[in-house]
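Here is a short briefing on selected helices, strands and contacts. Keep the structure open while you read, and find each element as it comes up.

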There are 2 protein chains.
Amino acid sequence: MMMLFFLPKIYGQDTPARPNQAAPRANLQNRQRIFSPEILPDDKVIFRLYAPKADSVKLVCDWMQGAESRITMVKNDSGLWSVTLGPLPQEVYGYTFNIDGVTVLDPLNPLIKRDVRNNTSILLISGNETDYYTPKEVPHGTLAKVWYNSPTLNLTRRMYVYTPAGYEDNKKAKYPVLYLLHGSGGDEDAWTQLGRAPTIMDNLIALGKAKPMIVVMTNGNPTQEAEMGCAPLSASQSGRPLATTVSAPAAVPVADGGRSGNQNNGRFEESLVKDVIPYIESHYRVLKDKNNRAIAGLSMGGGHTQNVTLKYPDMFAYIGVFSMGIRTMNDDLDNQFKVLKSKNPRLYYVAVGKTDNLTFNSSQTLVAVLKKDGFNYIYNETSGWHSWSNWRIYLSDFAPRLFK
Amino acid sequence: MMMLFFLPKIYGQDTPARPNQAAPRANLQNRQRIFSPEILPDDKVIFRLYAPKADSVKLVCDWMQGAESRITMVKNDSGLWSVTLGPLPQEVYGYTFNIDGVTVLDPLNPLIKRDVRNNTSILLISGNETDYYTPKEVPHGTLAKVWYNSPTLNLTRRMYVYTPAGYEDNKKAKYPVLYLLHGSGGDEDAWTQLGRAPTIMDNLIALGKAKPMIVVMTNGNPTQEAEMGCAPLSASQSGRPLATTVSAPAAVPVADGGRSGNQNNGRFEESLVKDVIPYIESHYRVLKDKNNRAIAGLSMGGGHTQNVTLKYPDMFAYIGVFSMGIRTMNDDLDNQFKVLKSKNPRLYYVAVGKTDNLTFNSSQTLVAVLKKDGFNYIYNETSGWHSWSNWRIYLSDFAPRLFK
């Protein structure tokens, strides 16, 4: 096994992998070293798959949609399929291969990410553009998987709690808290695995851009204890349809307005206020006033954020709604926003991508209400669509505005 | 997308998934619902893959070796490949498919585990035999990913710290600590993802079988900050060959004795004593005497455990060596064991599988020394070989013997 390390390199290079990028590994099948993905110095990327008997291999890219996301690969005489893309923007991507109709992960790439029920191989092209979510030589916070009792939902549930670097050493310091909510189909792991929130917070805090804060990442599915495989109740009991497509876009909300389906029956929002916040405020060194409490969420979590801040208008001074809005305005909702405004939250932040056809329009409705009612709001309209690529950016833009 | 949920079920069943088992999901490719793996009531398992154009599909099982681990699947008229195994013993397994020579994960199974650099699809047949590592409705401890400074290794490094249920509420209680070490090629995640140590400890403590204790799971690779993808330094800098085979057995040690290679140069052991233990004892409510300090490790980690307890014989009262022993005895080592015995550790626990041809013989040498020198030792010889299946069992047998 170790001898392989000394075999001649016929395909690929043995240059040091970029930080955080999968290092290449050997493919025994033809006794040659094959690397995939290989990132070239100009940010072109070569994808390779050794499959001499296949008739057709396609690269399937999660950063594109429709037909253009499926890229034909070409086979050479030895049975090695490959395609070169780019130069690609610096970003973290997901991809799969399709071999004669079968969707598979890249066998040569050990790095995998899970989004809802779909796994994809990770391609990270690191550089300036990914700096804010790339692990760096800075002080790191602690990420804890914490179980708590939820009488509201009659479950023992799990959440992730990020405590910033220094929390354990500064034993008298108290910290503000950001409650950070995921989208439909996600779970308490989503903001870490896909959103890279702990690394984003490490980097923002180390640079002095954000105040040291605790970040609480809950599970927004009110019938689910924890991510699949980690809880006594199985994934089949998560309360949402099990059938998803292999090529489903990331965390598409079941309903735009965030007010239909049993993920959105208000029970999660109630448990957040009655179970989660009291747990955090009794178990961590936390500043417990409204001005030290922020909440933000994406997609379904943006719906949760709207719901909880309207129902409990005295709880949060900072509100962030990412890629979500108001689908149908009505008098009741209008009154709730007026009440919320009367409590003078310090910030109502809304962000959406220009090509997010799921929530662009509803976001405009939300912003119009905020404007009409005189909220101190920020509207951040970016390029891109309903994707983690944007939600990472929104967090990095939102967190520095908190608790100042 | 949601309509799929209502399509007729042609393959597979829609019975509730077992606890912790992947729920089935739809395969759009032929607009039928296909499930894989499907566990039948008698613990037979049906594996399925829709690949109409493939000439050959094999199921590759990580719980068998050699030719018998590769099982031919059969294609039906619609292009669906399948094979039924079992009844299988209740256990958590890993498997892949081999499609015309290409090794892939099961596209229908979202649950994946990583061992060293190899990913496999998870098959969990739950039942009495897996009870001790299956998540249950019991109080759960907290698992924290903690970064600490290691001046010894000149790195900021990550470890996992398990604090038992009640740690946050019993704010004056102090706890004993088990330092739990992984094998060659593993990292700080191995005892959680593969060893299921947090769940094992939750269950043992809830049943009153083990005392509440803190469990510290370090990264035993002295040049690595954290598992791949989580650290500023990349996986390529982990100090071990990057080339591993797709079908490599789990965590095979590079060298039996645990004393060759740069994983085994004594620097990790030194950092454990000089960096890790002081961090734990200054940041957690810990009982700091020798009788409340235990250490155990598997394979390379068993070598680390031997090394650190021989070099620092006053540190640990409980010592566990799983699937590791003494390859070459010499006078110096003999003297070190005599010194260790003179400190009267309360327990020296050795466990190995009968068919572990990597470390069975060296384990006998270790046991012979312990017997000769009059240690209070336990030798647990089990069936099986060098695998996580055994290491989970050894932890569940070792932990109840600690701190009594």
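The model is predicted. The points below start with that helix and then turn to chain B.

**Helix α5 of chain A**
- Helix α5(A) covers residues 331-342, which makes 12 residues.
- From its first C-alpha to its last, α5(A) reaches 17 Å. That is close to the 16 Å expected at 1.5 Å a residue.

**Two helices that cross in chain B**
- Helix α2(B) spans residues 197-206, and helix α7(B) spans residues 388-398.
- Their axes come within 10 Å and cross at roughly 35 degrees.
- The crossing of α2(B) with α7(B) is right-handed.
- On the α2(B) side, the contact uses B:Ala197, B:Ile200 and B:Leu204. On the α7(B) side, B:Arg392, B:Leu395 and B:Ser396 take part.
- Of these contact residues, 4 are nonpolar, 1 is polar and 1 is charged.

**A buried asparagine in chain B**
- B:Asn307 sits in helix α4(B), residues 300-311.
- Why does B:Asn307 count as buried? It counts as buried because it has 21 C-beta neighbours inside 10 Å, and the cut-off is 20 or more.
- Leaving out residues up to four places away in sequence, B:Asn307 touches B:Gly266 and B:Glu269.
- B:Glu270 is 37 residues from B:Asn307 along the chain, and their C-alpha atoms are separated by 9.6 Å.

**An open sheet in chain B**
- This sheet has 4 strands in the order β1-β2-β6-β5, with antiparallel pairing.
- Its edge strands are β1(B), residues 38-39, and β5(B), residues 74-75. Each of them pairs on one side only.
- Strand β2(B), residues 45-50, and strand β6(B), residues 80-85, are joined by 6 bridges in the antiparallel sense.
- B:Leu49 has B:Trp81 of β6(B) as its bridge partner.

- Which way do the residues of β14(B) point? B:Ile214 and B:Val216 point one way, while B:Val215 and B:Met217 point the other way. All are buried.
- Strand β12(B), residues 155-163, runs antiparallel to β14(B), and 3 bridges join them. B:Tyr162 has B:Val215 as its bridge partner.
- Strand β13(B), residues 177-181, pairs with β14(B) in the parallel sense over 4 bridges. Here B:Leu180 has B:Met217 as its bridge partner.

Note on methods. Residues numbered from 1 in each chain as written. Chains lettered and ligands numbered in written order. Predicted model: local features only at pLDDT ≥ 70, side-chain atom pairs only at ≥ 80, totals over all residues. Axes fitted to C-alpha atoms, helices over the stretch in contact; angles between N-to-C directions. Left-handed = near helix turned anticlockwise from the far one by under 90°. Contact = placed C-beta atoms within 7 Å. Nonpolar A, V, L, I, M, F, W, Y, C, P; charged D, E, K, R; others polar. Expected span 1.5 Å × (residues − 1). Pairing = 2+ DSSP bridges. Buried ≥ 20, exposed ≤ 12 C-beta atoms within 10 Å, placed from the backbone.
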